Amino acid sequence: MAGLRRYLAFTRNSFARILSYRATVLMYVLGGMTQPLILFFLWRAVFAGAGAAEGGTAAGGAAGTVINGFSFPQMVGYLLFTVLAGSLIYGNADEVIANEVMDGSIAMNLARPLDYRRRIFFDHLGEVLYNFIAIGLPALALVFVVLGSAGRFPSAANLALGALSLAMAFFLNFYYRFSLGLMAMVTTNMWGLTRLEAVVANFLSGALIPLAFFPVWAREAVQFLPYASLVYAPAMAFLGMLRGAELLRLLAVQAAWVLAFRALSGAAWRGLTRRLAINGG
Amino acid sequence: MIRVDGLCKTFKAPKRFPGLRGAVKGLFSREYTYTTAVDDVSFRIAEGEVVGYIGANGAGKSTTIKMMTGILTPSAGRVTVAGVVPYENRMLNASRIGVVFGQRTQLWWDLPVSESLSLLRDIYEVKPAEYQERLAFLNGVLELDEFMMSPVRTLSLGQRMRADLAASLIHRPKVLYLDEPTIGLDAIVKERVRGAVKELNRSYGTTIVLTTHDLADIEELCRHIIVIDRGRKVYDGTLPELRAAYGRGRTIRAHIAGFASFDPAALDAALKALDPGASARKEADELVARFDASATGIAKVVQALMAACEIADYTVEETPIEDIVKRIYAEARRDVVAGDSVAGDPAAAAGRI
């Protein structure tokens, strides 16, 4: 593609920028590990308790217990997978955009020969790439070890579907964040909005609890929200927990959200430029 | 190079009402206030010119610049820059222009200057050989070496401005817009920035549009001056013409022998015979003569001075450009009050001047 080089420079750049803030990155990695670690101990206790209730010994009960379709190794695999997915859907593109909208520097972008969304995308890509290398790959290796040692190594088909689903999650997350960032046009309390969004997304994406643990009616509803497409869908595809029509439906919903948010982010950007062009920077 | 015809820009904003009740009312109101920032402005800028675009705060300078750079779309009228309509063909126009806003950096805050520049090299797709050559040139003019490896956030204002100038020129734009490039800089750095702008214009033939409140910038850099006030063009011409039209007043300051006992009354009368508006009086330790150079020659005034007293040394001053610009604003505003026939037609207002 012509002109790709000028955008790749942004990727290289944001990668380098993160490297120059190593302490921040380390804190982020440690902070990101907290939730899965807590959840690991929580689930271990839950599985042990359930095993004991079923009549097994408290210590060994965990291995054979299955809750809502999850065995304990699968639950650990799911947790590690949320870390992997989290590294790919990380990014503060929304904050970057919101700041540019609020301080007006977004107008300066119109004086450069660049497509704004593409520029932000390649900038975002650099951060995600860093995260994937620093956090995602180690998590992936651990997933393989945990699932492999439990004899539940994903099949080639699951690996392929998981990768496809992860890629869709990555694009959906970008378009979603891009649209969210442009919300700064209509609200000045972006900080509040992004905090709220983070909590909601954490819960509804399945990063906190697999959606399989939700009541049936809630799961049916939440599955169709874009958040489920960010973590839950790729995890289920990868772990092989869903099959056939159910899995296809999840992937189709994902693809639909990617296209919808792609269109929405484009429309929001056109709206913004029209507003800039009419009302000034 | 730049053609601006009948350019207008009206901003529309929801009408605001005072107080808490007003704030609530404003939420539901469909009323808007319209502000005209630029009102029927036309001008031409030739290739290679350095143009001073002057106006008070809120006069519409930045709005005009934004329309010329493609950031804003005019409400009416038309702009073409090197044959391209900026707001219709934004990408093409953007690849040919450079913009520096004195109050805002276009560099990447966290990156060393060298990284920002190489990023811009990729964005504008500058060939490596050309990049090296331009960098060497810019380094010579702006002395970038001393802070080339420093992150932008650690630069002083003067260094940042030099880096910003370099950043706006790395793709060798046809047109360079400088919006208050010397704001907040000390005298030495100002001098260096002006020198760099001059050098660029000379070596690359870059057309430069400069807005500034520091009229020394204008005096040193620009031949062509456009003055805008309250969205309307009030003057468009060369600096010498401006001086000829407004700057006819001269002041001679002389140190004379026997200053303490000298009585300027006779001299004052002699000058008034040459030019009724002229005057001579003592100010501090100087004898000061003011007169209109178009009414009488400098030589005649100096002769009268020499006949009246013994001059140790003297200086002749032109009207400072600040005073000229103040007079242009004052006259433009008086015209608006006096009769709309003139104010309604900026070209006529400019013609009168």
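Colleague: What does B:E180 count as, with its C-beta neighbours inside 10 Å?
Modeller: This is a predicted model, in which local features need pLDDT of at least 70, side-chain atom pairs count only at pLDDT 80 or more, and totals for chains, interfaces and linings use all residues. Residues are numbered from 1 along each chain as its sequence is written, while chains are lettered from A and ligands numbered from 1 in the order in which they are written. A residue is buried if 20 or more other C-beta atoms, placed from the backbone, lie within 10 Å of its own, exposed if 12 or fewer do, and partly exposed in between. B:E180 has 18 such neighbours, so its class is partly exposed.

Colleague: What value does phi of B:E180 take?
Modeller: B:E180 sits in the loop between β6 (175-179) and α7 (187-204) of chain B, where helices (H or I, at least four residues) and strands (E, at least two) are DSSP runs numbered from the N terminus. Most residues other than glycine have a negative phi. For B:E180, a residue other than glycine, phi is positive, near 50°.

Colleague: Where is the place of B:E125 in chain B?
Modeller: B:E125, too, is a residue other than glycine with a positive phi, near 50°. With 13 C-beta neighbours inside 10 Å, B:E125 counts as partly exposed. Its place is in the loop between α4 (113-123) and α5 (128-142).

Colleague: How many residues in the contact of α4(B) with α6(B) are nonpolar?
Modeller: B:V113, B:S116, B:L117 and B:L120 of α4(B) meet B:A163, B:A166 and B:A167 of α6(B), two residues being in contact if their C-beta atoms, placed from the backbone, lie within 7 Å. Ala, Val, Leu, Ile, Met, Phe, Trp, Tyr, Cys and Pro count as nonpolar, Asp, Glu, Lys and Arg as charged, and the others, Gly among them, as polar. The contact of α4(B) with α6(B) has no charged residue and one polar residue, and its nonpolar residues number six.

Colleague: How is α4(A) placed relative to α11(A)?
Modeller: Helix α4 (residues 72-88) of chain A packs against helix α11 (residues 232-239) of chain A with their axes 10 Å apart, at an angle of about 130°. That angle makes the relation of α4(A) to α11(A) oblique.

Colleague: How wide an arc around the axis do the buried residues of α11(B) cover?
Modeller: In α11 (residues 298-308) of chain B, the residues B:V301, B:A304, B:L305 and B:A308 are buried. They lie on the same side of α11(B), because the arc, taken from the directions from the helix axis to the C-beta atoms, is only 100°.

Colleague: Which exposed residues does α11(B) carry on the face turned away from its buried side?
Modeller: The buried residues of α11(B) are covered by elements including β10 (249-256), α10 (265-274), β12 (286-292) and β13 (311-318) of chain B. On the face turned away from the buried side of α11(B), the exposed residues are B:A299 and B:A307.

Technical notes:
Axes are lines fitted to C-alpha atoms, for helices over the stretch in contact, and angles run from 0 to 180 degrees between N-to-C directions. Angles under 35 degrees count as roughly parallel, over 145 as roughly antiparallel, 65 to 115 as roughly perpendicular and the rest as oblique.
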